[in-house]
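User: I have a structure open and would like to talk it through. Can you take my questions as they come?

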Amino acid sequence: MELLIRILANEFPLSSSSNTTVNNAVVVRLVHTGTQEHIVTIADGAGSTIGTITLLSNSELMLEKRRTDTLQVNTGTDVRVVSVAYKN
């Protein structure tokens, strides 16, 4: 069964120079269109790292987070993110 999503904002590239809450989203869709793996860091509202995840080349990921949690990519501009709502 495919996942049904509702787009809540405009997609934009993750930055390696600043963190984003992705419009205070709870669920985000990340898509990586490049050929090099990237590491995405998830941090809490105070800036403390919660964890990291590796995005493989040409991959997509749905991620649940707290509204105040931020995302940042290690390098590049080929990881794009958008806030979404979903149901199975």
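**Pairing in the sheet**

Analyst: Let's start with a pair of strands. Strand β4 (residues 38-43) and β7 pair in the antiparallel sense, over four bridges. Strands here are DSSP runs of E, at least two residues long, while helices are H or I runs of at least four; both are numbered from the N terminus. Two strands pair if DSSP finds at least two bridges between them.

User: Which residue of β7 is the bridge partner of valine 40?

Analyst: Valine 73 is the bridge partner of valine 40.

User: What holds paired strands together in general?

Analyst: Strands of a sheet pair through backbone hydrogen bonds, either parallel or antiparallel.

User: Back to this one. In what order do the strands of the open sheet run?

Analyst: The order is β5-β4-β7, three strands with antiparallel pairing. The edge strands are β5 (49-55) and β7 (70-73), and each pairs on one side only.

User: Before I go on, where does the model come from?

Analyst: The model is predicted: local features need pLDDT of at least 70, side-chain atom pairs count only at pLDDT 80 or more, and totals for chains, interfaces and linings use all residues. Residues are numbered from 1 along each chain as its sequence is written, and side-chain values use heavy atoms, with hydrogens and water left out.

User: OK. How many helices and strands are there in the protein chain?

Analyst: The protein chain has zero helices and eight strands.

User: How much of the chain is buried?

Analyst: Of the 88 residues, 33% count as buried. Buried means under 20% relative accessible area, exposed means over 50%, and partly exposed is in between (1.4 Å probe, protein chains only).

User: Which residues have the most contacts inside the largest nonpolar core?

Analyst: They are Leu14, Val28, Leu30, Val40, Leu71 and Val81, in a core of 13 residues. β3 (27-32), β4, β7 and β8 (79-87) each give two or more residues to this core. A nonpolar core is a set of buried Ala, Val, Leu, Ile, Met, Phe, Trp, Tyr and Cys residues joined through side-chain atoms within 4.5 Å.

User: Take valine 28. What is it in contact with?

Analyst: Leaving aside neighbours within four places in sequence, the contacts of valine 28 include Val22, Leu61, Leu71 and Val81. Contact means heavy atoms within 4.5 Å.

User: Valine 22 came up there. Where is valine 22 placed?

Analyst: Valine 22 is in the loop between β2 (12-13) and β3. Valine 22 has a positive phi of about 55 degrees, although it is not a glycine.

User: New topic. Where does threonine 70 lie?

Analyst: Threonine 70 lies in strand β7. At 11% relative accessibility, threonine 70 counts as buried. Leaving aside neighbours within four places in sequence, threonine 70 is in contact with residues including Asn19, Thr41 and Asp44.

User: Last one. How far apart are arginine 6 and alanine 85?

Analyst: Arginine 6 and alanine 85 are 79 residues apart in sequence, yet 5.1 Å apart in space, C-alpha to C-alpha. Arginine 6 lies in strand β1 (residues 4-7). Arginine 6 is exposed, at 53% relative accessible area.
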